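Dear colleague,

Please find below the structure that I am handing over to you. My notes on what was found in it follow.

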Amino acid sequence: MARAALPGRLRWRVATVAESRWETSSARTLVLDVPDWPGHLPGQHVDVRLTAPDGYSAQRSYSIASSWTDGGKVELTVQRVEDGEVSSYLDDTLEVGQPIELRGPVGGWFVWRNDPAPVLLLGGGSGVVPLMSMIRARGDVRGKQPFRLIYSVRTPQDVLYADELKRRVRDDPGLDVHFAYTRAVPDGWPEKPGRINVPTLNTHGWPPDFAPDVFICGPTPFVETAADILVALGHDPKKIRTERFGGTP
Ligand SMILES: Cc1cc2nc3c(=O)[nH]c(=O)nc-3n(C[C@H](O)[C@H](O)[C@H](O)COP(=O)(O)OP(=O)(O)OC[C@H]3O[C@@H](n4cnc5c(N)ncnc54)[C@H](O)[C@@H]3O)c2cc1C
């Protein structure tokens, strides 16, 4: 952790896909062996570079899903985007054992450093990835800070890390998760599908006087809406950190 916190020159490394697993039918986690990985903080990301035989190359950012304690292993979870150049390759073509170029860890602001404050996490779609790194890291250090995740996701089938989240919530009284489904809800769910709004965050978020550190990540419209609502509800803007993935939700 300490090494990763130090700014240093980023260089491209050739990692190897050690294993992979499907989180949903359209999102795959890649477990990468990265030589000389300096470690990372929860919330940081890497740049991934693909280069074709003719020299054409494409570069995208992917958040690190794994906790900082995972040694030289770095996990990325890639949600396939319709017609997406890089996400389709990472999900459907890249095989275990193959090399992949990456650079990182990147970012020093959207990071959780095991601070004592309670933490409110708001994730939209694959924006849950860096938040999962924070949840895993807190679990690894047996953190006592209350953590709450509000996870906006299209349908129950699209939930990333569904089993792990369920297990962590069951085993850890300091962690809870509220799902805000935007397109379809599970049977018996008490709310209609819809995007997060003032009642969602008023009911399921924490009150401003609880003074949580807030991390919001996802598509740009999700992040902007969530941040605006929290500020309108009285949260201190200085305690709200955001990461935008681009694209539309
Ligand atoms: C800091 C950072 C961290 C990120 N972490 C993750 C991560 O952990 N997991 C992950 O799956 N993605 C993550 N992303 C998004 C990722 O970098 C790519 O933008 C995404 O995979 C699409 O790339 P592509 O080449 O497949 O699509 P492109 O070929 O670039 O785009 C294809 C189409 O999809 C649209 N589009 C592009 N990006 C998105 C998007 N994010 N959502 C919806 N539509 C989009 C484009 O407008 C275009 O119409 C992150 C982005 C940033 C900036």
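In which loop is the place of Asp83? Asp83 sits in the loop between strand 5 and helix 2. Please bear in mind throughout that the model is a predicted one. The backbone at Asp83 deserves a remark, as its phi is near 60 degrees, a positive value in a residue other than glycine. Pro105 belongs to strand 6, which comprises residues 99–106. For context, most peptide bonds are trans, and most residues other than glycine have a negative phi.

I turn next to the ligand. There are 23 residues around the ligand, and those that come nearest are Arg60, Ser61, Tyr62, Gln79 and Ser87. By class, the shell around the ligand divides into eleven polar, six charged and six nonpolar residues. One, in Ser63, is 3.0 Å from a nitrogen atom of the ligand. Another, in Glu85, is 3.0 Å from an oxygen atom of the ligand. On its own the ligand has 900 Å² of accessible area, of which the protein covers 73%. Two or more residues of the shell come from each of strand 4 (57–63), strand 5 (73–79), helix 2 (85–92) and strand 11. Strand 4 gives the most, with four residues.

Strand 11 also forms part of a sheet. This open sheet has five strands in the order 9-8-7-10-11, and their pairing is parallel. Its edges are strand 9 (175–181) and strand 11 (240–244), each of which pairs on one side only. On average, neighbouring strands of the sheet are turned by 15 degrees against each other, direction ignored. Helix 6, formed by residues 220–232, packs on the sheet and touches strand 7 (119–124), strand 8, strand 10 (213–218) and strand 11. The direction of helix 6 makes about 155 degrees with that of strand 10.

Yours sincerely

How values were computed:
Residues are numbered from 1 along each chain as its sequence is written. This is a predicted model: local features need pLDDT of at least 70, side-chain atom pairs count only at pLDDT 80 or more; totals for chains, interfaces and linings use all residues. Side-chain values use heavy atoms; hydrogens and water are left out. Two strands pair if DSSP finds at least two bridges between them. Axes are lines fitted to C-alpha atoms, for helices over the stretch in contact, and angles run from 0 to 180 degrees between N-to-C directions. Contact means heavy atoms within 4.5 Å. A residue is near a molecule or strand if one of its heavy atoms lies within 4 Å of it. A polar contact is a pair of N or O atoms within 3.5 Å; within protein, one must be able to donate a hydrogen and the other to accept it, and residues adjacent in sequence count only if both atoms are side-chain atoms. Accessible areas come from the Shrake-Rupley method with a 1.4 Å probe; for residues, only the protein chains shown count as cover. Ala, Val, Leu, Ile, Met, Phe, Trp, Tyr, Cys and Pro count as nonpolar, Asp, Glu, Lys and Arg as charged, and the others, Gly among them, as polar.
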